[in-house]
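This briefing covers the overall architecture of a protein chain and the surroundings of one of its residues.

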Amino acid sequence: MEGIQTSVERLYQDGRPLHHLPSARSKENSDGASSIFVVDHAVFSQMSGKDIQEIFRERHILVLGVPTEQMGFNPEGLATMGSLMTPRQGQGE
């Protein structure tokens with residue numbers, strides 16, 4: 001794990017991951033820029049489909065501040081993801 005962490009941190013600029021830099025919010029993708037385009041929900045909802053597709057062609061899109069409804073970890077909240085009666089497979093321990 002330390003090797004993976006070291007490899008990831010090697011790409012940091014000024015001790016920060018690339019998607020935390022102002023350039024991550026730029027629609028233009030430049031060499032050395034983050035592979036993640038960061039945008040606030042209000043801005044994203046005003047973007048044209050063409051602009052979104054052009055960005056998504058080369059980068060992932062992280063939309064911040066998306067309004068969501070409160071959901072409890074209970075049968076009602078879990079049911080929003082699908083029927084509770086349908087068998088599901090899980091992985092891990």
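From the N terminus on, the elements of the protein chain follow the order α-β-α-α-β-α, with helices (H or I, at least four residues) and strands (E, at least two) taken as DSSP runs numbered from the N terminus. The radius of gyration, taken over C-alpha atoms, is 18 Å, well over the 12 Å that the globule rule (2.2 Å times the number of residues to the power 0.38) gives for 93 residues, so the chain is more spread out than a compact globule. This is a predicted model, in which local features need pLDDT of at least 70 and side-chain atom pairs count only at pLDDT 80 or more, while totals for chains, interfaces and linings use all residues. Residues are numbered from 1 along each chain as its sequence is written, and side-chain values use heavy atoms, with hydrogens and water left out.

**Overall dimensions and burial**
- Along its principal axes, the C-alpha trace spans about 50 × 40 × 25 Å.
- Of the 93 residues, 14% are buried (under 20% relative accessible area, 1.4 Å probe, protein chains only).
- Contacts are heavy atoms within 4.5 Å; among those between residues at least 6 apart in sequence, 36% join residues at least 24 apart.

- Arg59 lies in the loop between α3 (49-56) and β2 (60-64).
- Arg59 is buried but has no salt bridge (a side-chain nitrogen of Lys or Arg within 4 Å of a carboxyl oxygen of Asp or Glu).
- The nearest side chain of opposite charge to Arg59 is that of Glu58, 7.0 Å away.
- A polar atom of the Arg59 side chain lies 2.8 Å from the backbone oxygen of Ser26.
- Leaving aside residues up to four places away in sequence, Arg59 touches residues including Ser23, Lys27, Glu28 and Phe37.

Terms used. Buried means under 20% relative accessible area, exposed over 50%, partly exposed in between (1.4 Å probe, protein chains only). Lys and Arg count as positive and Asp and Glu as negative; His and the chain ends are not counted. A polar contact is a pair of N or O atoms within 3.5 Å; within protein, one must be able to donate a hydrogen and the other to accept it, and residues adjacent in sequence count only if both atoms are side-chain atoms.
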